[in-house]
Amino acid sequence: MNGVLAGAGATVAAMLLGALAGCAQSGQPVARDAADAPRVTVEFVEPERFVDARLRGGRGADDSVLDLLRAHLVEQARGCLPAGSSLTVRITDIDLAGETPPLLAATDFRVMRDITWPRIDLDWRLADADGTTLAARSESVSDMNYLRGAAVRADGAPLRYDRALLSGWLRRRFCP
């Protein structure tokens, strides 16, 4: 098994600085001011029931994990969506990359192995400036090969594999 030990305690600012920027190069019209900017809303549906969205492992979710993932989705989606559009993402389950073994339960470390890939279940709706639905879907997003991305492994920011999963999904789904 491929094992990597990853720390997960840092600020939202560090996460945003380390975020992938692929959507910004999409060729979509980019908002020039705040009134034009795409609106991105991220909701977490019953996070207390999530499989594993806690820094120290186990069922449920930590607010810090949800805040990091929300900030990442909002930042990445704004660089990818057409001006004036709105995207609503409802996350219904999270299983973070890796796991926290019992011996490390009191720490913020997760052991990464090829059998503990990240998975996020979500519903999304994209609307134009008038509120007309352009597309909507429910998806389960996962990456069984999450340990094979050299750039992601080099990124020391928290939740890097989970953020990379969301960035890849945004690029595939919304960036032409």
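# A tour of a predicted fold

Threonine 100 sits in the loop that links S3 to strand S4 (109-112). Like everything else described here, this residue belongs to a predicted model. Is threonine 100 buried or exposed? Its relative accessible area is 16% and buried means under 20%, so threonine 100 counts as buried. Arginine 54 lies 46 residues away from threonine 100 along the chain, and the two C-alpha atoms are 9.4 Å apart.

## The overall plan

With that starting point in hand, let us step back to the whole chain. The protein chain has 176 residues, and 42% of them count as buried. Its secondary structure consists of 4 helices and 6 strands. Reading from the N terminus, the order of elements is β-α-β-α-β-β-β-β-α-α.

## Strands and their partners

Strand S2 (residues 39-44) runs parallel to S3, and 6 bridges join the two. Within this pairing, glutamate 43 has arginine 90 in S3 as its bridge partner. To get from S2 to S3 the chain passes through H2, and the hand of this β-α-β crossover is left. For readers who like to check such things by eye, a crossover is right-handed if the path from the first strand over the helix to the second runs clockwise with the strands pointing away from the viewer.

S3 also pairs with strand S5 (residues 119-127), here in the antiparallel sense and over 9 bridges. In this pairing, valine 89 is found opposite tryptophan 124 in S5.

S5 in turn is joined to strand S6 (residues 133-142) by 9 bridges, and these two strands run antiparallel. Isoleucine 120 faces valine 141 of S6 across that pairing. The two strands make a hairpin with 5 residues between them, and in the turn glycine 131 has a positive phi of about 90°.

Most residues other than glycine have a negative phi. Two residues of this model are worth a look on that account. Glutamate 46 has a phi near 50°, a positive value in a residue that is not glycine. This glutamate 46 lies in the loop between S2 and H2. At a relative accessible area of 41%, glutamate 46 is partly exposed.

The other is leucine 159, whose phi is positive at about 55° although leucine 159 is not a glycine. Leucine 159 is placed in the loop between helix H3 (150-154) and H4. Why does leucine 159 count as buried? Its relative accessible area is 6% and the cut-off for buried is under 20%, which means that leucine 159 falls in the buried class.

## The disulfide

How many disulfides does the structure hold? There is 1. Cysteine 80 and cysteine 175 form this disulfide, with 1.8 Å between their sulfur atoms. Cysteine 80 is in the loop between helix H2 (63-78) and strand S3 (86-95), while cysteine 175 is in the segment after helix H4 (160-174), so the pair ties together parts that are 95 residues apart in sequence. Both cysteine 80 and cysteine 175 are buried.

Alanine 83 has its place in the loop between H2 and S3 as well. With 31% relative accessibility, alanine 83 is partly exposed. Aspartate 63, by contrast, is part of helix H2 and counts as exposed, at 59% relative accessibility.

## Pairs apart in sequence

| Residue pair | Separation in sequence | C-alpha to C-alpha distance |
|---|---|---|
| Threonine 100 and arginine 54 | 46 residues | 9.4 Å |
| Alanine 83 and arginine 39 | 44 residues | 8.9 Å |
| Aspartate 63 and proline 47 | 16 residues | 9.3 Å |

## The largest pocket

The largest pocket holds about 180 Å³. Its lining is made up of 15 residues, and those nearest the centre of the pocket are Asp143, Val152, Ala164, Leu165 and Gly168. Which element gives the largest share of the lining? That element is H4, with 6 residues. By type, the lining of the largest pocket contains 7 nonpolar, 4 polar and 4 charged residues.

Note on methods. Residues numbered from 1 in each chain as written. Predicted model: local features only at pLDDT ≥ 70, side-chain atom pairs only at ≥ 80, totals over all residues. Heavy atoms only, no water. Disulfide = S-S within 2.5 Å. Buried < 20%, exposed > 50% of the residue type's maximum accessible area, 1.4 Å probe, protein only. Pairing = 2+ DSSP bridges. 1 Å grid on protein atoms, 1.4 Å probe; cavity = no way out; pocket = protein on both sides within 12 Å on 5 of 7 lines; lining within 4 Å. Points joined across faces, edges and corners; volume = space filled by probe spheres on them. Nonpolar A, V, L, I, M, F, W, Y, C, P; charged D, E, K, R; others polar.
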